[in-house]
Every structure is written in C-alpha cells, then in structure tokens.
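Subject: Model handover

Hello,

Here is the model for you to look through. My notes come after it.

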Amino acid sequence: MSSTLPLFPPSASTVAGDVDALFFFILAVSAFFAVLVSVLILYFTFKFKGKHGEAGADIHGSLTLELIWTGIPFVLAMVMFVWGAQLFFTLAKPPADAMDVFVVGKQWMWKVQHPEGVREINELHVPIGRPVRLTLGSEDVIHDFYIPAFRVKMDVVPGRLTTMWFTATKTGEYHIFCSQYCGTKHSGMIGTVVAMQPEDYEAWLAGGRSTGSAVQNGERLFTELSCITCHKADSSGRGPTLAGVFGSTVQLNDGRKVLADENYLRESIMSPQAKVVQGFQPIMPTFQGLVSEENLLQLIAYVKTLKPAEPASAPVKK
Amino acid sequence: MKEADVQQEPSYLGAPYGLASWLLTKDHKRIAILYLISITIFFAIGGSFAAMIRAELVTPQGDFLTADLYNKVFTLHGVVMIFFFLIPSIPATLGNFFMPIMIGAKDLAFPRINLLSWYIYVVGATLTLAAVIMGGVDTGWTFYTPYSSISSTTNVTTAALGVFITGFSSILTGFNFIVTVHRMRAPGMTWFRMPLFVWANYATSLVMILGTPVIAITVLLIAAERALHLGVFDPRIGGDPVLFQHLFWFYSHPAVYIMILPGMGVISELVANVSRKQIFGYSFVAFSSLAIAIIGFLVWGHHMFVTGQSIYAGLVFSIITMLVAVPSAVKTFNWTATMYKGAVVWDSPLFWVLGFMGLFLIGGLTGLFLGAMGLDIHLHDTYFVVAHFHYIMVGGGVMAFLGGLHFYWPKMTGRMYSEPLAKVASMLVFFGFNLTFFPQFIVGYMGMPRRYHSYPAEFQVFNVLSTAGATVLGAGYLMILLYLVYSIVKGPKAPMNPWGATGLEWKIQSPPITHNFHETPVVTEEAYDYLHAPAPTREVTHHE
C-alpha cells in the first residue's frame, strides 16, 4: 500500500460513487447540525454563565420553534430516505445481461463457480465493465458476502438463495469479507476479488481447469439423481414438465399461484411437499442431504435452460 | 427551607441495620442501591471483556487470544453490558430511587414485587455467569440462528436461560413503574407537572412490558431447538433462520430505547438545573419520549436490509427509521434552547450534560447513515455500526447515567464528592470515549467487519487509536469509582439541596427517611420552576 494513511476505501464499481455521494450528503447534513448544536451549547455556556442563586429568564417554549425544528429534520430525513431507497433499488435489481457466478459459503470458506465451470476458493475473478450477478447459497449457517471496494454486501442464508450484483470499474485486487458472524474462523473467511480486463479474464478462464459448465453438470445430475424419470420433456411424466418452468407462474394444488424463481426451484428440490403443482401427487422425495448447495445451483442452472418443447429450440438436446 | 426537625429521624440507610434488613428490604431506595451495586459489578465484568477485545485488536494478527476465546469474549461483553448493565442501569437504580419521590409517593406501588425483580435479576445474571464458568458462549449477544441453535457447541442454552429469566425482572419493574405513575402521584401532581425523568421512565416501562416477552419467547425457542430439534429456525428441518432475526430485533431495537430514554430523562433534569431555567418546550420533550417508545417498535427490520427481506418491507422500515430520528432531534433542540438566557452554573453536572450532548449528537446523526437503505448495504455489520451504537448506548446512555449518578449522589448517600475530580473525570471519559470510538467510524467505512479476531494490516492504525482511547476511558471510569467510594467514607455531609434544584426530591433530607416524606406533599407548582428555586446550600452545611 502507499505510505500515506488511507482514510477511505477504494471505489471500484459503478455504484461505489453513488454510495459515496449519499454518504457525503448525510455527512454534510450531520456535520452542519453537530457543529450548530455544539457551537450553540458552548456559546450559551459562556455567554449565559451565571452564579448560584440566580435564575434564568422566564421562557417556557415556542410553538413556532418547535414546528421549525420538527419540520426541517423531518424533510431532511425524508430526502435521505428517498435517496437511500433509490440506491437500494439499483443495488437490488441486476441488469438483464449480467453474467452469473455461483458462490457457496461454508464454515469458513467461499467456493466460487463460474458459468463455464471454472471453480476457485476464496477468490473471485471478474472482468471489469461487465455486470456480474452472484447467486449465493450457504451450506451451514448465515454468512455474508461483502466487497467494500464495490460497496456491496449480501447475507448468505441457509435454506434459500440470495443474489447481489456489481460491475467492476477498475482492475485490481479487493477484499472479500464475511461480515456476518459465523463461528470460530469468521475473520478467516476472507478472500480476494480480482478485477481484470475482459481479455485477461477470458485468458484466465481458458487457463482454468473446468469440470464442465454449470449447465452441463446440472444436466448430468438431472439424470444421475433420476429427476428425469418423472420430470419429462413432455407432460407424460409423474411430475410436471420443467420445460419453460423458470420465470413462469405456477398453479399449486392448494389454489395459490407462485412465481417459479430460483428459490422456488430450490425449495421444490429440498422440500418438495411445500408447494405441489396442481394436478400432481405429493410423491416426490426430498433431496435434502443428497445434493450439496453447489449441486443445487447447477441443477437450477440446468432447469433454467429448459425451454418449452419446440422443434427449433434444441440447445439442450432432449 | 430550614427544617430543623428533619434530621431527627434516621435515614433509610441506617434504619434498620444489618445485612438481612437489606436483603429483605421493601424500600425502593434500598433496592435501588442493591441494583446499583449489582450493575456496577457487571459493568466491571463487561468492561474487562472490552479490555481483552481491545488488547487483541492492537495487532492485525490474532495473537493475544485464540479465535474461540475472542469470540466468547465479545459475546460476553455484549450480553453482560446489555442485559445486566445497560437495560437495568438508569431505570432500576435512579428510576427506582427517585421516580416515587419525584411524584410524592412513599414507595413504588408493589414494594415486594420490586424486591422480587432484583432477585430475579440476580438469578438470571448468575446463571449467565455460570455459563461463563462452564466455558462460555460464542454466538454474539445477538444469538443469530442457525449458528446458535444448531452449530455452536458452547453453553448457549444456559446463557439464553439467564437472559430469559432476567427478562422477567425487566417486565416486573416496568409494570411496577406504570402502576406507580398512574396510581401513586401526590395531590396536585398532575401528569404535566411530573418531572421529565418520570415521563422518560414511564415511556421506558411501556417498552419493557411490551417488548421483553418477545425476547423471552425467542431465546426460549433457541433453547428448545437445541434440546428438542424443533425446526423453528433450522432450515434443514423446515425452520426459517431469518424468523429469528425478526423476533430478536422486535425486542432488541426497542431495547436500545430502554437504554437511552431514561438517559434523556436524566439529561432533561440536569439541563434545567444547570441552566437554572424552566425546560424549553416541556410537553414536546415529554411527548417525544412517548413517540420514540411507540415508533421505536416499528423499525426492527432496519437490522435486516441485507438478509434478502422484501424490498418493500425494507422501504417501510427505512422510512419509519428516519421518522424516529425526528423526536430525538426535537429533544436535542429543546435542551439547547433551555440553556438560552439561562444562568448557567459551572458545577460538575454541566460537564456531564455537555459530554452527553456531544456524544449523543454524533450517535444520533450516524443513525441516519444506517437508516438510508442503499448506504446501509455498505455499512451493515461493519465497525461503523459498532461505533454508532456505542455512541448512543455508552456515549449517550452511560454519560447520562454517570451524570445522573453524580447529580443524585448527595441525595442517595448523604455525602459530597470532590467537584474538581468529577470535572476532570467527565472530561477524561469524554476524551477517552471519542478516541476509542471515533476511529471506528472511519475503519468501518473502509470496510472492517465487526467481530473480527484478525484483520488486514491497513486497519491497524485505527485499532491502535481505539485501544489507546479505551485505556483513557477505563482510567476515567476507575477514577469515578474511587472518588465516589471515597466520598462515602470521607466525603463531607450533603445538604438537602446541594444544586439548588427544584422537585420534591430536593425538599427532603439527604439521605431520605425510609418513607421519603414526613407528610404527603401537596404539589402546587409546575416542574422546573427555577424562578423560585432555592440557592444551593452546599457551602453552609459543611459545618453541620
């Protein structure tokens, strides 16, 4: 690092500047009020210094002043709320063209899997200038994936999948911290994001040892675990067909309708009885303990590629 | 105000004598002293855990404590300081002692229940100490599931039961206070003549009785899940780990107001006294306490912006969080305005007021950073949060507690301490506190997560500053303990009204008689009528 004392984290993502802008706005408002009140109190302390036995002026209050100093903080607080909420929405909605990377947290390491199948541990290589969407799962307790230089963080919660996204803007190496306390080596659950030029990233990917892409692995698991015996490409199986299911609205046999997102798919594998599709029997066994979080992410990646059966669309070759 | 007959009846301290008379007392003042001794012990225990944390963090490597021991130490620091010091601190000591006197009552409504609440506190606290002796607990004071319910192999159940039991002490105290304020006010003591300290304790009591049952149920569910594998929080058997966070923060966020509201009440008393002036905007200060207590129940989800909770739930929690900042701002402005055209006396209470205001301002304002959702994503679970809540709970809460303790010490013990030493101590605490916690805002924004046993080297300088500050802070606290204890032995006898303050508590002898008043007082004036307040009688009574 440099010889000067760093007082501020590096800004290396598209949102970092926006987060810092809100920070400086609230800092300015806070500093103004902190200085205002401190100066007034100290001024009054000196200006109105009195002796024992004296009494202050007979003042009881002022409705006008109360309204002013209720109103101004209220308005400022609402500005901060709206600004903060807007930023939160940006941070919560990944761009449609984001590349997917899977991250699994376990005590006490991060396992990363790129869509092409390259895996790494406690490191995350990403290209700059391209949105990256992380899908996060946990094998044990709650963790939290935090990249201070990108100003992003997300809890990694067992039993569900969460997502976060960023676009790196500057090449370099940045900290990854687990920021949700997770046991003995919580502070050792750290890693490095390596933000690279896109061509360097491609070269890095090509040099990595791939064990098949996530979709390929998912397809293999789909057969190995015999999912395919019930979930057929057409509607002839004992289970509903999964072609086109991702992103669709599913009618359940208890009358509810749910959106089939990643968490729905995850739940349907781990707790199949929780939501049974209309017209089907609750006969699917749970795969709890049979598939790891990484396998789950691969299965979901595969199911997401299953398009409604049409002769033309055969990327899956089923 | 010369009442020669006043000194003839023995004070509550001496009548009757003996240990049994203290342990079986029904006198709210003696129970307050029992609490004061207990919480001081726990403050010392919690403080020594803090010292171990700061010693570990001097270097980036985890070299002073093992990782497991460090995790246990910060857990116990939090558990002890929050459940066994901060929550009972002002209500159970100063509140217990002065709230009945301030409204002209001879005791709380239920003296036996008051004693029971102290015993429950002692049993709960002892059980948690037993968990420490058995090997400790490492979940963090937040007991997050599923780590606490399935993963941790430490004494979670024992510690949780300790917290569960202590909760009843809180509930009983709150219940006792509410009934007392409703039913025991002296003739003429209308709601709007009550000192603001009473209002603050009333608002706090509401939070205690409404919130505490939820934390009790929650920690009990953890114990049940550990013992019986219930599947409430463990996702592998159908539970939801985030449900725990909802239940936990439903109590634990309002609990922050249990810690700070009584402090605000103390500061209202002190500001009026040091300014020798009626409090500015009495009813706004009073109602802002209730507003904080009520709105404070609806903000718990701001601890969970990054758990994947619904964005729309997050929006609601964020806007209400911003709203709850407003009544705190209103109070601050009213305290400031109270000093305008006052006759500000530079006695030691002024120093605690100034210290409180400085620290509470920073603590309150930094809450805005965390309430803004998009910014909280970056700041959540970093040292910025640690610094923020220490500014509120220690900077605000403990400063107010110490201010109140100094202000009321002559009344409680009948002795005066050294004014110059108190002024030095207050400045030492103020300086030490800022040196400890201000660097944590910076290192927090740089990204240092909380609860880290080791950390990257670039964060070291801030941690060294923090540890240096903690040393000063510790010295300040120790100094206070020494001169206050010394004052009991050698301090000059305190007069009835050393600060020339208004209020019924200053019209009775120091220390008070067991039944507080010889005759039930009749109140004819509003609170803080400093136009007609007596001058301090300190100097005169030294010769008595």
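Below are the findings, grouped by topic.

This is a predicted model, with pLDDT of at least 70 needed for local features and 80 or more for side-chain atom pairs, while totals for chains, interfaces and linings use all residues. Residues are numbered from 1 along each chain as its sequence is written, chains are lettered from A and ligands numbered from 1 in written order, and side-chain values use heavy atoms, leaving out hydrogens and water.

**Helix contact between chains**
Helix α2 (63–92) of chain A meets helix α10 (311–339) of chain B. Their axes come within 9 Å and cross at roughly 155°. That makes α2(A) roughly antiparallel to α10(B) (angles over 145 degrees count as such). Axes are lines fitted to C-alpha atoms, for helices over the stretch in contact, and angles run from 0 to 180 degrees between N-to-C directions. Helices (H or I, at least four residues) and strands (E, at least two) are DSSP runs, numbered from the N terminus. The crossing of α2(A) with α10(B) is right-handed (the near helix is turned clockwise from the far one by less than a right angle). The contact has 22 nonpolar, 3 polar and 1 charged residues.

**Cavities**
The whole structure has 5 cavities of 30 Å³ or more. A cavity is a set of points on a 1 Å grid over the protein atoms alone where a 1.4 Å probe fits but cannot get out; lining residues have an atom within 4 Å of a point.

**Sheet in chain A**
Five strands form an open, mixed sheet in the order β4-β10-β9-β6-β7. Strands β4 (123–127) and β7 (152–156) stand at the edges with a single partner each, so one side of each has no neighbour in the sheet. The twist averages 20° from one strand to the next. β4(A) pairs with β10(A) in the parallel sense over 5 bridges (pairing takes at least two DSSP bridges). Pro127(A) has Met196(A) as its bridge partner.

**Backbone points**
Gln107(A) and Trp108(A) are joined by a cis peptide bond, omega about -5°. Trp108(A) sits in the loop between β1 and β2 of chain A. Thr145(B) to Pro146(B) is also cis, with omega near 0°.

Best wishes

Definitions and conventions. Parallel < 35°, antiparallel > 145°, perpendicular 65-115°, else oblique. Nonpolar A, V, L, I, M, F, W, Y, C, P; charged D, E, K, R; others polar. 1 Å grid on protein atoms, 1.4 Å probe; cavity = no way out; pocket = protein on both sides within 12 Å on 5 of 7 lines; lining within 4 Å. Points joined across faces, edges and corners; volume = space filled by probe spheres on them.
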